[in-house]
Amino acid sequence: MDDWQDRVDAVWDDDTLSDDDRVRAIDALALERTAEDPVALFERAGARDSAGAEMAAVSFYRRALAAGLDESRREQATIHLASTLRNLGRIDESLRMLKEERERGGALSDEAAAFYALALVSAGDSVGAASIALETLAPHLSQYRRSVTAYARELRTTR
């Protein structure tokens with residue numbers, strides 16, 4: 001395993017590691033790259049987030065995004081950061097980020113919608129959350145797409 005990402009993935013796949021061991025292992029691999037390498041920062045953020053060190057994760061996610069991630073990781077980092085902010089009680093920022101990511105329509109727009117719905121619940125808007133969830137689910141249904149989409153929109157307009 002010479003490839004750096006393969007070694008990072010192996011750390012994530014190692015179920016024998018404690019959270020602290022995983023953070024240390026990811027940090028050691030990150031040291032092989034420049035201090036502001038966006039992918040290394042993203043991995044360091046994820047390790048901390050997974051270990052329950054959300055405040056530290058936020059800083060690493062922001063630095064990774066500012067340093068310029070490829071589109072796939074940028075989407076992931078945005079969703080991760082917004083979810084972490086929701087967990088930290090920063091609901092408005094989480095909602096804004098997830099709404100923007102969902103509307104961007106990228107490869108993870110459904111995933112952004114799922115976390116957007118969770119953030120809406122955290123904000124006390126369960127009807128809005130149900131609307132987003134149903135609207136996102138509708139295109140994946142084998143039947144009743146039009147009806148579910150219409151009901152989802154109706155929920156949004158009647159609240």
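Contact here means heavy atoms within 4.5 Å. The views come from a predicted model, in which local features need pLDDT of at least 70, side-chain atom pairs count only at pLDDT 80 or more, and totals for chains, interfaces and linings use all residues. Residues are numbered from 1 along each chain as its sequence is written, and side-chain values use heavy atoms, with hydrogens and water left out.

**View A. Isoleucine 132 and its contacts.** Isoleucine 132 sits in helix 8 (residues 126-137); helices are DSSP runs of H or I, at least four residues, numbered from the N terminus. Leaving aside residues up to four places away in sequence, isoleucine 132 touches Arg102, Ala113, Tyr116, Ala117, Leu120 and Arg156. Its relative accessibility is 6%, so isoleucine 132 counts as buried (under 20% relative accessible area, 1.4 Å probe, protein chains only).

**View B. Isoleucine 132 and aspartate 9.** The two residues are 123 residues apart in sequence. Their C-alpha atoms lie 32 Å apart.

**View C. Helix 3 (residues 38-50) and its packing.** Of its 13 residues, 11 are buried. Among them are Val39, Leu41, Phe42, Glu43, Arg48 and Asp49. The buried residues pack against helix 1 (4-13), helix 2 (19-30), helix 4 (54-67) and helix 5 (71-87).

**View D. Length and ends of helix 3.** At 1.5 Å a residue, helix 3 should span 18 Å, and its end C-alpha atoms are 18 Å apart, which agrees. The expected span is 1.5 Å times one less than the number of residues. Aspartate 37 caps the N-terminal end: a side-chain oxygen lies 3.1 Å from the backbone nitrogen of valine 39. Glycine 52 follows helix 3, with a positive phi near 85°.

Methods: Helix = DSSP H or I, 4+ residues; strand = E, 2+ residues; numbered from the N terminus. Buried < 20%, exposed > 50% of the residue type's maximum accessible area, 1.4 Å probe, protein only. Polar contact = N/O pair within 3.5 Å; in protein donor to acceptor, adjacent residues only side chain to side chain.
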